[in-house]
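The structure is shown here.

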Amino acid sequence: MRLPRGFAEWGLVVGTALVAVFVALALVGESLVGPRAVSNILVVDGRVYEVPPLLPPGSSLVVEGRELVFIMGTDQLGRDVFARVVSGARFVLTVAFFSTAISAVIGTILGLLSGYIGGFLDRVLSLVMDSMYAFPGLILAIAIAALLGVGVLNISLAIAVVYIPSYYRMVRGVVLSLKAAPFVEAAVLAGASSWSIVTRHILPNVVPQIVSLLPVSFADAIITEAGLTFLGLGIEPPTPDWGFDLNKGRQFFLAGYWWIGVFPGSMIILSVLGFLLVGESLNELLNPRKVEA
Amino acid sequence: MSRATSGVEALRVEDLRVYYPLRRTLEEVLLRRQRYLKAVDGVTLSVLEGSTLALVGESGSGKTTVARAAVGLVKPTSGKVLLWGRDVSALGGRELREMRRAVQMVFQDPTVSLNPRMRVGDQVKYPLDVNGIGTPKERMAMALEALRTVGLTPPEEFYSRYPHQLSGGQRQRVAIARAIVLKPKLLIADEPISNIDVSARAQILELLKSLREKMGLSMLYITHDLSSAWAIADAVAVMYLGKLVEHGPVESVFSDPRHPYTKALLQAVPSLDERKAETEVVKLKGEIPDPLNMPSGCRLHPRCPFATEKCRREEPPAVKVGEDHWVYCHLYA
Amino acid sequence: MSLLRVQDLWVRYRTRRGVVEALSGVSLSVEEGEVLGVVGESGSGKSTLGFAIIRLLPKSAEVKGSVLLNGKELTSLPEEELRRIRGREVSMVFQDPYSSLNPVMRIGDHFVELMVEHGAASTREEALEAAGELLERLGVPRERLNDYPHQLSGGQRQRVAIGLALILKPRLVIADEITTALDALVERQIIDLVKEVKKEYRTSMLFITHNMGLVAEVADRVAVLYAGKLAELGGVREVVSNPLHPYTEALLRSVPRIGGSKEVKPIPGEPPDMRNPPPGCRFHPRCPFATEKCRREEPPLVERGGRLVACHLRG
């Protein structure tokens with residue numbers, strides 16, 4: 001193992017570290033900080049205690065002889081901002097994961113069919129996908145989220161629809177160029193069925209491209225999710241969520257209570273940065289551009 | 001020295017035409033006119049069983065299209081492709097698949113004729129998988145044997161490599177192994193050595209020749225390089241802009257070329273020996289014209305130093321000038 | 001004094017997969033008015049040689065040794081002076097006739113830009129007049145000066161590229177595989193053109209190719225490169241009829257001659273991996289005459305009957 005060399009390698013290391021942190025938070029965060037994220041009522045040694053709202057970061061309270069520290073302060077309802085930020089990771093990343101998975105699978109299948117079969121199907125699908133692609137993503141997501149309502153699955157679907165065209169276009173493009181490749185012609189000459197050609201020749205060459213698109217698309221999903229919840233769509237309080245908290249924080253920002261919004265907002269930025277770094281660095285490392293060194 | 005042949009035609013192409021319709025301008029749509037790119041315009045030739053026919057020409061000659069039509073990758077606009085006397089276009093389903101196994105192709109560029117994400121050995125085994133030949137173990141053994149036959153030894157070591165780990169010459173060997181694993185009877189080789197390094201070219205040529213002996217293959221060998229045609233072929237056919245200009249036994253055509261184009265091609269080959277004063281230097285004017293603006297009559301007439309008015313008006317007939325040696329030129333009619 | 005004198009030239013590239021030594025101590029010279037053919041396959045370093053002389057190598061390349069053009073050391077020349085020399089004293093023609101011309105500039109403008117930059121013409125008209133005359137000589141009608149590159153055929157583009165290389169009347173032209181991308185008959189036209197240019201302009205040339213036949217037609221002397229080293233150098237007729245180095249011999253035998261034997265005698269083995277060339281004589285793994293000494297020691301370049309050859313057996 002050696003030290004990372006160059007922008008791409010460092011990017012990959014930093015990005016992976018960030019992503020790892022957020023994935024860890026998503027997986028275990030809630031169990032670590034639990035109830036403090038959704039309610040200001042704490043039970044300490046059997047005694048019920050109400051946490052005061054709008055405590056600044058670094059505040060500590062002594063309750064029953066124990067010191068409770070609120071490193072990011074509390075929000076307008078007395079909930080621990082740090083706890084909310086950590087728990088929020090679960091919701092955000094779950095939504096991002098589902099939506100990315102759905103759009104990748106559907107986009108790829110449609111792209112494969114469209115590219116390989118061609119003809120009328122291809123023309124119709126391309127038209128539909130191009131229109132969707134041209135439509136501003138957030139607005140489309142808002143429209144669908146408003147229709148579907150709240151919940152993890154609904155918001156995931158809303159976001160997924162927006163990104164299906166990206167996968168479709170990419171896969172279709174690769175399939176079209178592969179269809180004409182001599183090694184596919186050789187497979188046809190060997191007597192291979194379409195199914196065999198698609199699964200053994202086309203798909204393996206499409207997968208690397210999909211893989212390189214996944215991290216970036218994941219980052220996109222996080223931002224879109226934050227945008228939707230910022231506007232109050234797709235989420236039901238008191239579910240901790242960065243976008244939602246960012247909106248709340250905005251309202252209290254001018255009054256001087258900056259920590260309610262800034263911390264969730266920073267989480268959005270850092271998580272997106274992490275995934276983008278991973279995606280772009282991987283792309284750079286796997287498909288190096290010939291640069292005059 | 002002619003290769004022993006049964007006289008049966010392994011491949012026969014009859015008045016083959018492959019026209020590609022061009023995108024029409026508005027005017028053409030209104031006037032209901034359709035222009036075509038005539039890639040192959042009436043070609044008749046045959047490959048005798050056990051022998052090798054070289055199809056020679058420059059860019060735009062249509063030689064690759066003829067090869068692709070012979071193997072079924074391109075549908076003829078008109079004309080017939082006959083394999084051992086059977087019309088290929090009449091075949092379907094199971095018969096077509098069986099015929100497919102008897103005719104295989106080696107492509108020009110081994111970098112793109114191999115799947116970059118499949119192990120080399122698996123690619124050689126693939127045609128066997130697809131046709132359900134033998135048990136998986138037997139298929140593996142046959143693939144290894146094919147690798148050994150093309151000189152990639154030890155085959156076990158080469159089996160698990162990926163194309164990018166091999167040199168150009170080795171990749172082409174893999175492509176050849178893949179083509180012969182089904183034990184075809186007819187091999188179509190489309191410029192198999194053009195995209196390979198110089199020292200590997202001779203190796204591949206040598207390999208093709210030895211395989212031909214071992215397997216009794218008939219071969220259609222496409223090339224723009226006359227030297228390799230000389231080394232491997234029994235008969236040669238020269239094409240220009242979609243039409244045949246001359247064909248016959250390679251010794252006959254190369255030592256006594258008749259068509260001006262054939263003469264020019266032979267004189268164009270760089271010579272290691274000091275040039276003796278040629279008895280007749282044939283210089284063609286200009287370059288290959290745009291195939292969309294095909295010259296009338298004899299396709300070569302705008303460039304031919306011997307062109308007459310007749311050449312401009314009429315397409316030349318086939319004229320016999322020797323044993324099996326034919327030329328398409330008004331000079332000899 | 002030779003026009004071009006390359007002495008002990010080493011070129012190394014740093015790639016992702018390691019350091020490649022493209023040229024390992026190559027020395028040769030080109031005299032006034034002569035054409036030196038440089039023959040080799042890919043990996044031999046022949047193109048690197050051309051690029052190294054005119055200093056068009058990528059920045060990741062490390063160059064050691066001396067390249068003297070008319071006594072002037074090119075390897076250490078500052079960029080400004082180098083720009084003055086390129087085109088005027090030494091020029092280059094490349095393999096691809098499509099990419100050596102700017103697709104959005106008319107042919108005439110290519111010449112104007114070049115000539116005005118080097119002070120060879122003071123007005124546009126002057127440049128176009130000279131360019132038109134040269135192009136006619138090279139077989140391109142001067143009306144083509146108004147065309148864009150895509151309107152010309154491949155052969156015409158290559159003639160234009162040759163014209164650009166000659167217009168400033170350089171002493172040395174480097175031709176790197178200039179006919180490889182062309183059809184057979186066009187290749188013949190270009191080769192005949194090169195022979196005419198050689199007769200008329202007496203420009204020296206470094207003619208790089210993988211085709212021995214072309215070298216035999218065009219060159220006076222030939223240098224055979226293998227794996228970054230010089231294998232043999234001598235008069236072209238002598239080398240072709242009586243090759244000394246086993247590689248030269250094998251190369252000549254591996255190409256079938258029309259009218260001759262149909263037997264093909266390939267060179268066994270594969271060209272070496274230039275990240276890790278074989279020890280001793282680099283050709284030894286493929287040489288039918290290799291001895292223990294060939295495996296251990298690199299053969300020195302010695303003179304043998306008016307020729308230079310690097311071989312323990314024949315040298």
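UniProt positions are given in the numbering used here, feature names are shortened, and annotations may be inferred rather than shown by experiment.

## What the record lists

The model is predicted. For chain A, an unreviewed UniProt entry lists "transmembrane region" at residues 7-28, 91-117, 138-164 and 255-279. One of these spans, residues 91-117 of chain A, is 100% helix and 0% strand in the model, with its end C-alpha atoms 39 Å apart. Residues 255-279 of chain A are 84% helix and 0% strand, and here the end C-alpha atoms are 39 Å apart.

For chain B, the annotation "domain: ABC transporter" comes from an unreviewed UniProt entry and covers residues 11-266. Over residues 11-266 of chain B, the model has 41% helix and 25% strand. The end C-alpha atoms of that stretch of chain B lie 27 Å apart.

## Chain B as a whole

Chain B contains 12 helices and 12 strands. Its radius of gyration is 21 Å, close to the 20 Å that the globule rule gives for 333 residues, so chain B is as compact as a globular protein of that length. The C-alpha trace of chain B spans about 65 × 60 × 40 Å along its principal axes.

Of the 333 residues in chain B, 48% are buried. Taking the contacts in chain B between residues at least 6 apart in sequence, 64% join residues at least 24 apart.

## An open sheet in chain B

Strands of a sheet pair through backbone hydrogen bonds, either parallel or antiparallel. In chain B, 4 strands form an open sheet in the order E2-E1-E4-E5, and the pairing is antiparallel. Strand E2 (36-48) and strand E5 (86-87) of chain B stand at the edges with a single partner strand each, so one side of each has no neighbour in the sheet.

Within this sheet, strand E1 (residues 9-21) and strand E4 (residues 78-83) of chain B are joined by 5 bridges in the antiparallel sense. B:Glu14 has B:Lys80 in E4(B) as its bridge partner. Helix H2 (residues 63-71) of chain B packs on the sheet and touches E1, E2 and E4 of chain B. The direction of helix H2 of chain B makes about 115 degrees with that of E1(B).

Strand E11 (residues 318-322) of chain B pairs with E12(B) in the antiparallel sense over 4 bridges. B:Ala318 stands opposite B:Tyr328 in E12(B). The two strands E11(B) and E12(B) form a hairpin with 2 residues between them. In the turn, B:Asp324 has a positive phi of about 65 degrees.

Strand E12 (residues 325-328) of chain B also pairs with strand E10 (residues 243-249) of chain B, in the antiparallel sense over 2 bridges. In this pairing B:Glu246 has B:Val327 as its bridge partner in E12(B).

Which elements of chain B give two or more residues to the side that touches chain A? In total, 21 residues of chain B are in contact with 14 residues of chain A. The elements are helix H3 (93-102), strand E6 (103-106) and helix H4 (120-130) of chain B. By class, this side of chain B has 11 nonpolar, 4 polar and 6 charged residues.

With chain C, 30 residues of chain B are in contact with 32 residues of chain C. Helix H8 (198-215), helix H9 (226-232), helix H10 (250-255) and helix H11 (260-268) of chain B each give two or more residues to this side. H8(B) gives the most, with 6 residues. The side of chain B that touches chain C has 16 nonpolar, 10 polar and 4 charged residues.

Methods:
Residues are numbered from 1 along each chain as its sequence is written. Chains are lettered from A and ligands numbered from 1 in the order in which they are written. This is a predicted model: local features need pLDDT of at least 70, side-chain atom pairs count only at pLDDT 80 or more; totals for chains, interfaces and linings use all residues. Two residues are in contact if their C-beta atoms, placed from the backbone, lie within 7 Å. Ala, Val, Leu, Ile, Met, Phe, Trp, Tyr, Cys and Pro count as nonpolar, Asp, Glu, Lys and Arg as charged, and the others, Gly among them, as polar. The radius of gyration is taken over C-alpha atoms; the globule rule is 2.2 Å times the number of residues to the power 0.38. A residue is buried if 20 or more other C-beta atoms lie within 10 Å of its own, exposed if 12 or fewer, and partly exposed in between; C-beta atoms are placed from the backbone. Two strands pair if DSSP finds at least two bridges between them. Axes are lines fitted to C-alpha atoms, for helices over the stretch in contact, and angles run from 0 to 180 degrees between N-to-C directions.
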